[in-house]
Amino acid sequence: MIHTDIKFFTNEPEKDLYSRFAAILKSNTQFFDILVGYFRASGFFRMYQSLESVEKIRVLVGLNVDKFTVKIIDRATNEIKVAAVSAADGKEAVAEEIEKEFEAATSSAEVEKGVRIFIEWLKSGKLEMRMYTEAPIHAKVYIMRKDPEKVPDSFGSVITGSSNFSEAGLVNNLEFNVELKDYGDVKFALDKFEELWAKGEDIRETYIEAIEQKTWMRDDITPYQLYLKTLYEFFKEEINADKENFETLLPDGYMRLQYQIDAVTQARQKLDAYNGVFISDVVGLGKTYICAMLANSFNRSTYKLIVCPLLSHFS
């Protein structure tokens, strides 16, 4: 007997959590509640098209236990207890995480569109976000409830397991999640969510401010800043490289020309990356000096210089 109703989602072929979410959310889901320790906008980029028909989305996040919680040693029991974190500290931590995430995120038109929709939904109230600061949250619970007028015979479902709401958790990582559909299970999860939600701190403005003021989504970036960014992207290998002092390879009395030194630096990078490099320029700019400095920068006992003269024939 073949079972077609899959209950477990591991992100293996045909068992990825993203596809299951997409199917449920597009099927008359009215409310979507998310309880996770980590929320990544990458998960939203992946899911926002499936969420367009959902009436209300609530996200309750916890704190990064290792970095943002305060550990207190109880001298009487010698146990480590985790204390509550202030709302201000929690919001500051969220803003820092958003900035780091966007630094690593792909700056594509698709991602930008997803971010703008994310902000739009936060501002309109379709999407609400809170942070629970009284204790660390390590749970991953997703509660989807149906519109009773459209689906009277189904309350909804809850998915719980190991996946955080991120690109990795929805698609890439090997995870273990289970979907429960019984009314009692969904109601229990919803009641617990409501209990924690009532104690959460609203972080919608924190998200909006961090994205609009501290990431590449800012609206006040000047043409000059774009110019500097373009230069950095084009020359970042040279900027970040540990440059050798090739000037010492020139004999005494020879001119130290910066463009020749830069050419040697770039040629070494090309050699390291591709095991070969062409050096070409117009007559008189010092290709011989550049090649000599380049050759002299290698360990002579390891590398050998082979000169192949090019013979020209004239009729």
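1. Contact, as the word is used throughout this note, means heavy atoms within 4.5 Å. The model is predicted, so that local features need pLDDT of at least 70 and side-chain atom pairs count only at pLDDT 80 or more, while totals for chains, interfaces and linings use all residues. Residues are numbered from 1 along each chain as its sequence is written, and side-chain values use heavy atoms, with hydrogens and water left out.

2. The sheet. Helices (H or I, at least four residues) and strands (E, at least two) are DSSP runs numbered from the N terminus, and two strands pair if DSSP finds at least two bridges between them. On that basis 8 strands form an open sheet with mixed pairing, in the order 1-9-8-7-2-3-6-10. Its edge strands are strand 1 (8-9) and strand 10 (201-202), each of which pairs on one side only.

3. The parallel part. Strand 2 and strand 3 run parallel and are joined by 6 bridges, with Ile34 opposite Val59 and Leu35 opposite Leu60. Strand 3 also runs parallel to strand 6, through 5 bridges, and here the bridge partner of Ile57 is Leu127 in strand 6. Taking buried as under 20% relative accessible area, exposed as over 50% and partly exposed as in between (1.4 Å probe, protein chains only), strand 3 is mostly covered, since 5 of its 6 residues are buried.

4. The antiparallel part. Strand 7 (residues 140-146) pairs with strand 8 (residues 156-161) in the antiparallel sense over 5 bridges, and Arg145 stands opposite Gly156 there. Strand 8 is in turn joined by 4 bridges to strand 9 (residues 177-180), again antiparallel, with Ile159 opposite Glu179.

5. Which residue does the side chain of Arg58 meet in a polar contact? Arg58 belongs to strand 3 (residues 56-61), and its side chain makes a polar contact of 2.9 Å with the side chain of Asp33, which lies in strand 2 (residues 29-36). A polar contact is a pair of N or O atoms within 3.5 Å; within protein, one must be able to donate a hydrogen and the other to accept it, and residues adjacent in sequence count only if both atoms are side-chain atoms. Arg58 is buried, because its relative accessible area is 10%, and Asp33 also counts as buried, at 1% relative accessibility.

6. Surroundings of the pair. Leaving aside neighbours within four places in sequence, Arg58 is in contact with Phe32, Asp33, Ile34, Glu128, Arg145, Leu190, Phe193, Glu194 and Trp197. With the same exclusion, the contacts of Asp33 include Arg58, Val141, Tyr142, Ile143 and Arg145.

7. Nonpolar cores. A nonpolar core is a set of buried Ala, Val, Leu, Ile, Met, Phe, Trp, Tyr and Cys residues joined through side-chain atoms within 4.5 Å. The largest has 44 residues, of which Phe21, Phe32, Phe39, Phe44, Phe165 and Tyr207 touch the most other members. Helix 5 (residues 109-124) supplies the largest share of this core, 7 residues. A second, separate core of 12 residues includes Ile137, Val158, Leu196 and Trp197.

8. Helix 5 lies across strand 3 and strand 6 (127-131), and runs at about 85° to strand 6; axes are lines fitted to C-alpha atoms, for helices over the stretch in contact, and angles run from 0 to 180 degrees between N-to-C directions. In helix 1 (residues 17-25) the buried residues are Leu17, Phe21, Ala22, Ile24 and Leu25. They cover an arc of only 170° around the axis, which puts them on the same side of helix 1, the arc being that of the directions from the helix axis to the C-beta atoms. In helix 11 (residues 287-296), Ile290, Met293 and Leu294 are buried. Their arc around the axis is only 100°, so they lie on the same side of helix 11. What covers the buried residues of helix 11 includes helix 10 (258-274).

9. Even so, not counting residues up to four places away in sequence, Phe176 touches Phe8, Phe9, Thr10, Gly161 and Ser162. Phe176 and Gly161 are 15 residues apart in sequence and 5.7 Å apart in space, C-alpha to C-alpha.
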